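Welcome, and thanks for taking a look. Here is a short tour of some local features, starting with surface charge and ending with the backbone.

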Amino acid sequence: MPYLKYSINGEESTFELKTNTISAGRGAEANIRIRDNQTSRLHCQFRKASDGYEVVDLESRNGTIVNGESIKQKILQDGDIVKIGHMTVKYIEGELTAPLTDPDELPEDDDDDVDDVDDVDDVDDDDSGAVEAQAVVQQRRPKPNTSMKAEDDLKLARELRESRDALMVELRKVIIGQEEVIEQVLLALFARGHCLLVGVPGLAKTLLVSSLASILDLRFRRIQFTPDLMPSDITGTRIIEEDADTGRRDFRFVKGPVFANMLLADEINRTPPKTQAALLEAMQEKRVTVAGITYELDLPFLVLATQNPIEQEGTYPLPEAQLDRFMFNIIIDYPTDEDEVDILHATTTDIVPDLAIVISEDRILDYQRIVRKVPVSDYIVRHVQHLVRLTRIEHPDAPDFVKDYVSWGAGPRAGQFIILGAKARALYHGRFNVLAEDIAAVSLPVLRHRIAVNFNARADGVDSDEVVKRLLKECKPPKE
């Protein structure tokens, strides 16, 4: 009977093909479960054929590779090598002499960053009397330099500051001014957050995002949100495709523009809530579910959505649940007098700036990991917690202006984003610890869309920005 042989953590394991269909992937529904971020929940299937077994790719995120060639469907021959994500499997025809792999004997993975999956006991055998022992393959997530030493971390932290300077040199070729906006977008990228850009037309919002994607060597996609946009226009759709050789028809998933590293959702409030919600899972979980099948998104993944604050006719305000998914709400204002003169000079010539790639995709993942290692003292954490709690009218210490002007305040996610943004800002400015000034710098873009003002505030001309600024003045950090 054919079986599969694979190596995990240097130890060989085997899996006997006993049933007509064996699925492999990260999900609990897979017979062969593989803990690997490069593997889809249902990645591929091994199916019984007339003369052995065939392997069929299930529209996986990174494809199924047989003997170095990406395939959709292929009859396996003895000795064929199948690559599933980072996992290499050898197909062998013959009787299996060694016992089946016992899941309890598999080496444990001590990487805390491995994606959570259900225990093996949660996987039910199918009705056809499938596998007696489920093979749970535990792979480390494909992150570069996961076992770095402390000195390597410090070197990487210093490198982030140097990369920041190189980024600014390239961006200044096409973006004049807007230094604070650029900083906040980069902080969100390094902190694994998303941004909502609010500004009138013509302030280079799209140019900023597309230029940044080019400099970072990231795949960039743009979606123009309109009232007739459907969720499938964002996530992708399933189409029926016929195999020319076998005449067999099957569904194939065509990926939508959300499968990118940097996604620009242009005028996101011009589409109905049903379509807006198509981004919720992608933004929070970094994955998309279509027809019950989950597809993992490539990392890094950053959503930059734009809104026009002037024209509100025919728009659909973003639900609070989706607003809360954005780390920063960044207000893009008009350029200064000098900057506007420079813009007019630079954009009315035939000179097209040549942007150089500064940071690779893998390096961004390194920077995102190192940001979370920046230490934060307990008194800074308590300062952030106190600041966030003061935005809630039911809190006994909330200032009178909060009780007079606020309908509801920020939730715990606001505190998380303030600390993460402050960590990124510390490294961004060449420091290895978070200061109170970092907290003050990121609190406004984090809190402004998480505080809802009431009618009294609007009547007095007070907006959420004014509330946050007054809170920052009153809520002083501890002197410790």
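In which helix does Lys 469 lie? Lys 469 belongs to helix α15, which spans residues 464–474. Please keep in mind that this is a predicted model.

Lys 469 itself is partly exposed, as its relative accessible area is 42%.

Which residues of α15 are buried? They are Ser 464, Asp 465, Val 467, Val 468 and Leu 471. Around the helix axis these residues cover an arc of only 160 degrees, so they sit on the same side of α15. On the face turned away from that buried side, α15 carries the exposed residues Lys 473 and Glu 474.

Now for the opposite charge. Which residues gather in a patch of negative charge on the surface? Asp 337, Glu 338, Glu 340 and Asp 342 do.

Asp 337 lies in helix α8, made up of residues 337–346. Is Asp 337 buried or exposed? With a relative accessible area of 67%, Asp 337 counts as exposed, because the cut-off for that class is over 50%.

## Positive phi in two loops

The backbone deserves a look too. Most residues other than glycine have a negative phi. Arg 192 is not a glycine, yet its phi is positive, at about 65 degrees. You will find Arg 192 in the loop between α2 (179–190) and β13 (195–198). Its relative accessibility of 30% makes Arg 192 partly exposed.

Ala 204 is not a glycine either, and has a positive phi of about 70 degrees. The loop that holds Ala 204 runs between β13 and α3 (205–215). Ala 204 is partly exposed, with 33% relative accessible area.

## A cis peptide bond

One last stop on the backbone. Most peptide bonds are trans. Which two residues does a cis peptide bond join here? The bond links Leu 299 and Pro 300, and its omega is about 0 degrees. Pro 300 is located in the loop between β19 (293–296) and β20 (302–307).

Conventions. Residues are numbered from 1 along each chain as its sequence is written. This is a predicted model: local features need pLDDT of at least 70, side-chain atom pairs count only at pLDDT 80 or more; totals for chains, interfaces and linings use all residues. Side-chain values use heavy atoms; hydrogens and water are left out. Helices (H or I, at least four residues) and strands (E, at least two) are DSSP runs, numbered from the N terminus. Buried means under 20% relative accessible area, exposed over 50%, partly exposed in between (1.4 Å probe, protein chains only). The arc is that of the directions from the helix axis to the C-beta atoms. Patches are made of residues with over 30% relative accessible area and no salt bridge: like charges are joined within 9 Å, nonpolar side chains (Val, Leu, Ile, Met, Phe, Trp, Tyr) within 5 Å. Accessible areas come from the Shrake-Rupley method with a 1.4 Å probe; for residues, only the protein chains shown count as cover. A salt bridge is a side-chain nitrogen of Lys or Arg within 4 Å of a carboxyl oxygen of Asp or Glu. Lys and Arg count as positive and Asp and Glu as negative; His and the chain ends are not counted. The place of a charge is taken as NZ of Lys, CZ of Arg, CG of Asp or CD of Glu.
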